[in-house]
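Please look over the sequence and the structure, then read the points below.

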Amino acid sequence: FAQSVPDWPRAPIRFIVPFPAGSGTDLNARQIGDKLAQALGQPVVVENRPGADGSIAAEAAAKARPDGYTVFVTSNSTHASNPALKRRLPYDPIRDFTPVTLIGTAPLMVLVANALPVRSVAELVAYAKAHPGKLNFGSGSASSRVAGEMFKAMTGTDMVNVTYKGNPQALADLAAGEMQVMFCDAGTALPQVQGGRVRALAVTSLQRAGVAPELPTVAEAGVPGFEMIAWTAVFVPAGTPEPIVARLNARVVEILKSPEFRQRV
């Protein structure tokens, strides 16, 4: 097999994504995949495997042949949040993967349904305390779940979690008023916020976000010390030959540094 490494790739490459189409991780994967296909001369096929907070996709990627033809484009949900939230996982986030490169980091947005009579984090906290257990917060990723649970713990509020296969589905229910609160990655949330279908109260980073500088941070809006940052990254199954990892890293980093990609992100 080592002799075939210099000829990589000679067949289509599969990008496994643990969230549905339209999610922030999926959008990153598709943008990178399109450019990578051009650079390598082989198709890149994005395979969405949502469910179980990304564990289904992570297990599939971990068990794939380490030959450079399976790439896992994922987030901190599978590699940081899940190990903290779940007693058992069908994969090991360290042992089963070799990291290729970080794609980037981004805050989550605190969103509420338009019908909910709150327009600030302080008002959300007050409303939740006045109606314990009556607000539902949706989460389509482990990161969204962690953000919501951390918000509850730091504000002394009681909200009920409703899990989804992905944030796009949760966001649709929020826009329809089927639930009231959500902590959603900015890439997925922003179009809905700009379209007026949901209301954004704050961002979860310690600094304001360039894509929505008018929004305060949760910390400055009344919850000191609150911070939740999502990251996305590229991995391959452990055991993938180092020359392939190095070549994949070089190509993906070129894409990440391109002005076109940075502008789209």
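Does Gly-187 count as buried, partly exposed or exposed? The model is a predicted one, and the answer rests on its computed relative accessibility. Gly-187 has a relative accessibility of 45%; buried means under 20% and exposed means over 50%, so Gly-187 counts as partly exposed.

- Gly-187 belongs to helix α7, which spans residues 186-194.
- Within α7, the residues Ala-186, Thr-188, Ala-189 and Leu-190 are buried, whereas Gly-187 is partly exposed.

**The nonpolar cores**

- In soluble globular proteins, nonpolar side chains tend to be buried together.
- The largest nonpolar core of this model has 24 residues, and those touching the most other members are Ile-13, Phe-15, Ile-32, Leu-36, Val-71 and Leu-248.
- Two or more residues of this core come from each of the strands β1 (13-17), β2 (44-48), β3 (70-75), β4 (97-112) and β9 (229-237), and likewise from the helices α1 (24-40) and α8 (242-257).
- Helix α8 gives the largest share of this core, namely six residues.
- Leu-248 touches Trp-8, Leu-36, Val-71, Val-100 and Val-236, when residues up to four places away in sequence are not counted.
- Another core, of 23 residues, lies apart from the largest one; Val-118, Val-125, Leu-201 and Val-218 are among its members.

**The pairing of helices α3 and α5**

- Two packed helices are described by the angle between their axes and the distance between the axes.
- For helix α3 (residues 76-85) and helix α5 (residues 142-155), the axes come within 8 Å and cross at roughly 50°.
- The two helices α3 and α5 are therefore oblique to each other.
- Their crossing, that of α3 and α5, is left-handed.
- On the α3 side, Asn-76, Ser-77, Ser-81, Asn-82 and Leu-85 take part in the contact, and they meet Ala-142, Ser-143, Arg-145 and Val-146 of α5.
- Sorted by class, the contact of α3 with α5 holds three nonpolar residues, five polar residues and one charged residue.

Notes:
Residues are numbered from 1 along each chain as its sequence is written. This is a predicted model: local features need pLDDT of at least 70, side-chain atom pairs count only at pLDDT 80 or more; totals for chains, interfaces and linings use all residues. Side-chain values use heavy atoms; hydrogens and water are left out. A nonpolar core is a set of buried Ala, Val, Leu, Ile, Met, Phe, Trp, Tyr and Cys residues joined through side-chain atoms within 4.5 Å. Buried means under 20% relative accessible area, exposed over 50%, partly exposed in between (1.4 Å probe, protein chains only). Helices (H or I, at least four residues) and strands (E, at least two) are DSSP runs, numbered from the N terminus. Contact means heavy atoms within 4.5 Å. Axes are lines fitted to C-alpha atoms, for helices over the stretch in contact, and angles run from 0 to 180 degrees between N-to-C directions. Angles under 35 degrees count as roughly parallel, over 145 as roughly antiparallel, 65 to 115 as roughly perpendicular and the rest as oblique. A crossing is left-handed if the near helix is turned anticlockwise from the far one by less than a right angle, and right-handed if clockwise. Ala, Val, Leu, Ile, Met, Phe, Trp, Tyr, Cys and Pro count as nonpolar, Asp, Glu, Lys and Arg as charged, and the others, Gly among them, as polar.
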